[in-house]
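Please look over the sequence and the structure shown here before reading on. The report below goes through the strands, the helices, the charged pairs and the surface in turn.

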Amino acid sequence: MRQFLRWEYLLCKRFFRRKSFLVLLLLLPLMGLLIRAGSREKSGILEIGIVAEEKEGKSSPLAASIAENLLQSESVLHYRSIKSESAARDLLRAGKLDAAWILPADLETRVARMAAGKNIPLVDVLEREDSALVKLSRENLYRALFPTVSYEIYRNFLAENFDCDPDDPAFTKEIAARYAEIQIDGDLISYVNEGGREAAAVSYLRAPLRGMGALWLLLMSFVALLYYLEDLRQGMFDFVPRAAQRRYALRYLIAVQGLASLAFSALLLAGGLFGHPAREIAALLLLNLLCLLLVMSIGILTRGKRSLLIALLLPLLLLSLIGAPVFLDLGIRALELANPLYYYLKFAA
């Protein structure tokens, strides 16, 4: 055992002298840092302008509050504060906005009239084109208006049914306190995976990181085999009987996979995807074992021909990516059966 560990230590030390290996090893943590930084930035899926109108130098406190909440919210939409409706229209015509939401200066009055049963629009929505994404973005506007609208409807409902004056300060104070007591603990939606375990909500940019990291570990396993075949070609193992040479290939794989596993774990930690330690370790061991078996099998099938292995490397990685739910779960059974990524992602989910 001591001799085996010494071999692994010397191999790792030797690999660190290779610039190409260092680049590959640092690639994953660097990718994680860049994607995490990118996930904190505002998305450019849609550009939406928010206009809190002013009338005679006065603006609506409610409109200003809604605009501020939208501008500060974490969303896949990019909100911009626009000074006026005319400026928003100019930006729409220039193609610099996809939509503009005009919050009127008399928004409180409009909400009260609508809650009283009047058919009156609350917000003017200007859109450059009627696309599916723009339609979906309206849901954020509805969500921003809902708290105020629902309260006014609640207040009017009680006033009408209990014959109260809606403008009475005592009545307003009482129902405001009652309305504030209505709280919902926890989330309205619980995300549960197919194994029945609750899944944490993850940024859509960071969601594929686990699958990409698993694919990278598979690539590093092939790199280890290529390093071994190159050393074998140069005669480094001529002193070893041919039947015993495969165990040295195994040592190469274990050394590289060990270092790659540390980088993979760093990626999961940086991306906020690292779950329960015991399950993460078990899933990582499973991935390493499956990658090792696949790479050794490919090495045997190619009879150790380095040029043939290099030619097959890209197609094998693409098939592994397509056959695993990294970005999309295509459900191609033939690509799942011998795919380490598929089993790892299903186990770690």
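## A strand inside the structure

I102 has D124 as its bridge partner in strand 6. Residues are numbered from 1 along each chain as its sequence is written. The model is a predicted one, in which local features need pLDDT of at least 70 and side-chain atom pairs count only at pLDDT 80 or more, while totals for chains, interfaces and linings use all residues, and side-chain values use heavy atoms, with hydrogens and water left out.

Strand 5 covers residues 99-103 and is joined by 4 bridges to strand 6 (residues 124-127), the two running antiparallel. Strand 5 is also joined to strand 1 (residues 47-52), this time by 5 bridges and in a parallel direction, and here A99 is the bridge partner of I48. Two strands are taken to pair if DSSP finds at least two bridges between them; strands themselves are DSSP runs of E with at least two residues, helices are runs of H or I with at least four, and both are numbered from the N terminus.

How many of the residues of strand 5 are buried? The count is 5 of the 5, so the strand is largely enclosed by the rest of the structure; buried here means under 20% relative accessible area, exposed means over 50%, and partly exposed lies in between (1.4 Å probe, protein chains only). In a regular strand the side chains alternate between the two faces of the sheet. In strand 5, A99, W101 and L103 point one way, whereas A100 and I102 point the other way.

## Helix 5 and its covered side

In helix 5 (residues 107-115), the buried residues are L107, R110, V111 and A115. They lie on the same side of the helix, because they cover an arc of only 130° around the axis, the arc being that of the directions from the helix axis to the C-beta atoms. An α-helix has 3.6 residues a turn, so residues three or four places apart point the same way.

Helix 3 (61-72) and helix 6 (132-161) are included in what covers these buried residues. Just after helix 5, G117 takes a positive phi of about 105°.

## Charged pairs

Side chains of opposite charge can pair when their charged atoms come close. The structure holds 9 salt bridges, a salt bridge being a side-chain nitrogen of Lys or Arg within 4 Å of a carboxyl oxygen of Asp or Glu. One of them is between the side chains of E47 and R80, at 3.9 Å from N to O. Since E47 lies in strand 1 and R80 in strand 4 (residues 78-82), this pair ties together parts that are 33 residues apart in sequence. E47 is buried, with a relative accessible area of 16%, while R80 counts as partly exposed at 28%.

Another salt bridge is formed by R138 and E127, whose closest N and O atoms are 2.8 Å apart. This pair links helix 6, where R138 lies, with strand 6, where E127 lies, the two residues being 11 apart. Within helix 8 (residues 209-233), R233 and E230 are 3 residues apart, about one turn of the helix, and they form a salt bridge with closest N and O atoms 2.7 Å apart. R233 counts as exposed at 62% relative accessibility, whereas E230 is buried at 15%. Together with R306, these two residues are linked in a network of salt bridges.

## Later helices and the surface

I298 has its place in helix 10 (residues 277-301), and it is buried, with a relative accessible area of 13%. Leaving aside residues up to four places away in sequence, I298 touches F222, L309 and L316, where contact means heavy atoms within 4.5 Å. From C-alpha to C-alpha, I298 and L313 are 9.8 Å apart in space, and they are 15 residues apart in sequence.

I332 is found in the loop between helix 11 (306-322) and helix 12 (333-336), and it is partly exposed, with a relative accessible area of 34%.

## The whole protein

The protein has 13 helices and 6 strands, and buried residues make up 40% of its 349 residues. Among contacts between residues at least 6 apart in sequence, 71% join residues at least 24 apart.
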